Amino acid sequence: MIDKFRADPAAALAVIPSGASLAVGGFGSSGRPDTLLDTVCDLDRRDLHVIVNNVGGDFTGIGRLLAEGRIRRLTASFPVLPEFYDEYFAGRVELELIPQGTLAERLRAGGAGIPAFFTPSGAGTMLADGTFPLGYRADGEVAARMPARERREFGGREHILEYGILADFALVKAHKGDRRGNLRFRLSARNFNPLAAMSGRHTFAEVEHLVGIGDLEPDDIHLPGVFVDEVLLKSPESPKQPATAEFSA
Amino acid sequence: MTQVPLQAATGRGTRDGIARRLAADLRDGFVVNLGVGIPLLVPQYISPDVEVTFHAENGVLGLGPPPGPGQEDPDLTDAGKQPITLISGAAIVDSAMSFAVIRGGHLDVTVLGALQVSARGDLANWYVPGRNPAVGGAMDLVAGAREVWVTMEHADRAGRPKIVADCTFPLTGREVVTRVYTDLAVFHIVEGQLRLTECAPGVTPAAIRARTAAPYTEDLGAEG
């Protein structure tokens, strides 16, 4: 019998080590897997490479990971939270800044067995020419830059090579899920969730409602359970704010 | 033609004036993505007999007006994370499909703000060096939409022209802008050539030339 449901988030997510890469769904707080993110914090995992569209506007969710100093590198299109940039410029977090559509496609491609693809997005910009600072040193000098992208013309137009992303783990949120891992999202909370799920070598899905097998019509399943390894219920207490932030600035 | 002072076309109401002028150029059936700022003022000025589908890059095709108080749904937001409603016949997709809409050329127009636009149509609108870098979907939008229409004030707060020979801010895309709507003028960029096609009411071509730091030709009276 296939039963991917796990009642205890801390026991299930214990397989995630410090240093892991995590693809995370959500767009701001919309569709963000807060229970899973809070569990990663409660398990005291650190040195994480987090791949997510944006940090959000406060210290919940990805913001809590940041406030507790758990992120080594952020791959994102729109970090926004001012404290994130304080950490970035102080040399405590790296930023791989990726156009939003490229980020979505990199996650999808990684999960779809496509190692790389050419896209026009970002061609001719500092996100493609090797100048964008990936990270800073404590003294404010640039420590490393994002690598220059390979370039190729198609139809007389410059395109750049972007790589598919396979994350060690994915954390996603859905509206409904069953024990086979089939997921259904709700409205614009879908966003990056199916793509992050595809990108994960091991994918955890947090659902608002656990439904019985067959309750989701085959035509209504947005992401089939083959992309999902474990299903957990959203906690009514999520999201949590950290008691104290570890920013040294 | 009576010339009213330039003052009449600037100051309060400028942003709405730009949005109203652009809205008049949106055609029935267009699929349109709106950036933040002046572009978000556009929908209220679209003629009721023109049906436009608004796209938000987080996966919404068919945005409606903002929800009333208490009607907000946390699962239904736009790309600026603001609560929205859907029109009848709207569709929701994931982020990869949403950017397939964008990159695949299925948007007729994306309307964006700008720091600078060059004479060739280069756009700078994502990053002021020294500030906090964030790109969102801007580079995908300018790479993929069939037309990129910029709305902006003609000069920055210090009075410096924003239409320039070459952008000094980091680029969002090269040779991507097709139209520029400002408080003073409308420009079209055709095959790398900047053309002044319209002066705002009461604004002289000379006043526009004095506030534009890029070479252009005058094509006034031509059909937009």
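Two strands count as paired if DSSP finds at least two bridges between them. Strands (E, at least two residues) and helices (H or I, at least four) are DSSP runs, numbered from the N terminus. This is a predicted model, where local features need pLDDT of at least 70, side-chain atom pairs count only at pLDDT 80 or more, and totals for chains, interfaces and linings use all residues. Residues are numbered from 1 along each chain as its sequence is written, while chains are lettered from A and ligands numbered from 1 in the order in which they are written.

**View 1. One end of the sheet in chain B.** Here β3 (residues 60-63) and β4 of chain B run antiparallel, joined by three bridges. Look for B:Leu63, whose bridge partner in β4(B) is B:Leu86.

**View 2. The whole sheet of chain B.** Ten strands make an open, mixed sheet, in the order β4-β3-β2-β1-β5-β8-β10-β11-β12-β13. At the edges sit β4 (86-92) and β13 (217-218) of chain B, each pairing on one side only.

**View 3. A helix across the strands.** Helix α1 (residues 14-23) of chain B lies across β5 (109-112), β8 (147-151), β10 (179-181) and β11 (185-190) of chain B. It runs at about 155 degrees to β8(B), with angles going from 0 to 180 degrees between N-to-C directions of axes fitted to C-alpha atoms, for helices over the stretch in contact.

**View 4. Where chain A meets chain B.** Contact (C-beta atoms, placed from the backbone, within 7 Å) links 34 residues of chain A with 31 of chain B. On the chain A side, α5(A) gives the most, with six residues.

Terms used
Two residues are in contact if their C-beta atoms, placed from the backbone, lie within 7 Å.
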